[in-house]
Amino acid sequence: MRAVVLDEPGPVERLRVRELPIPEPPPGWVRVKIEAFGLNRSELHTRLGLAEGVTFPRVLGIEAVGTVDADPDGGLEPGQQVAALMGGMGRTYDGGYAEYTVVPRSQLVPFRSGLPWETLGAIPETLQTAYGSLTTGLDLRRGQTFLVRGGTSALGLAAAALAKDLGATVLSTTRNPDRVKALAAHGVDHPLVDDGDIAARVREIVPEGVAAALELVGTPTLPDTLAATRVHGTVCFTGMLSNQWIVRDFYPIDYLPTGVQLTAYGGGAADLPANVLQGFLDRIEAGELSLGPVHVYALDDIRSAHQDLENGRRAGKLVVRTATDGAAGAD
């Protein structure tokens, strides 16, 4: 099989497409024939040497979609569509940047869908994180005001879509003025250009501050996001687009505005129940919901994809289609 191997952290040139043996699943594990996989900041952090607990050489990838190829325990039928995500994928064992992978059965979420594989490849990790952040992290309710910091990322777009679907009023930020119209077209009520200081502009729209905020940029903007949130409101720290996630010399009384709550979300496959995934896939297939644009690459273009991910060149999700029949390519 073909797979993307990282021998050690470094620049994109360290990502190499190689021929590897097709892995054999031990008891309790399942082999998946991968059709597509999404790119995530987690893999960028691994490539840059910022992730902990990773052993090398390693096939990266914390998510993938495809079909069951072999299940020694017989729990899943061959050909069953599945999403594989989290649980050490691409860190402590080989992940989704390949034509086949083996994962613990607990990391699989079965589904059935007629959507194209490149669309399906954009959904599992993004949906799991957005859904978990809005439910577990924020307990977002209909009628509340909701701020997304880092709104043109795949996760930001997904969170905005789910929040609008829930009935919230959505404010969302982008550092690129050219992407304001894209946020509005995606259904965002109040797109904002982020210059690092947006709390005052948020309060021009919502004088008391937003009820809930999702921090996807990281610790550099977290104090300003907290300042944009009302008393008894909640900020959920989920993403680190800035590659910065440590708050040094944290003194809570000075750091946290009075009465504003700070939480975090970092879940796994168990936080995306099969019925939740299936329900969203059905609605996407029916045209009732969109999680944002998808940009598709071939496996041989993995370096270009990682460069685009690292430099924020694309709004939305980057997906690699593993097919070698010419069905996929850069959009």
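Begin with helix 3, which gives the most to the lining of the second largest pocket, with four residues. Helices (H or I, at least four residues) and strands (E, at least two) are DSSP runs, numbered from the N terminus. The model is predicted, so local features need pLDDT of at least 70 and side-chain atom pairs pLDDT 80 or more, while totals for chains, interfaces and linings use all residues. Residues are numbered from 1 along each chain as its sequence is written, and side-chain values use heavy atoms, without hydrogens and water.

Next, select A130, Y131, L134, T135, L140, L162, D165, L166, F280 and R283, which line this pocket. A pocket is an open set of points on a 1 Å grid over the protein atoms alone, where a 1.4 Å probe fits, with protein on both sides within 12 Å along at least five of seven lines; lining residues have an atom within 4 Å of a point. The volume, the space filled by probe spheres set on the points, is about 170 Å³. Helix 3 (124–137), helix 4 (154–166) and helix 9 (274–285) each supply at least two lining residues.

Now move to strand 1 (residues 2–6), where five of five residues are buried (under 20% relative accessible area, 1.4 Å probe, protein chains only). R2, V4 and L6 lie on one side, and A3 and V5 on the other.

V5 stands opposite R16 in strand 2. In strand 4, R58 is the bridge partner of L6.

Note on methods:
Buried means under 20% relative accessible area, exposed over 50%, partly exposed in between (1.4 Å probe, protein chains only). Two strands pair if DSSP finds at least two bridges between them.
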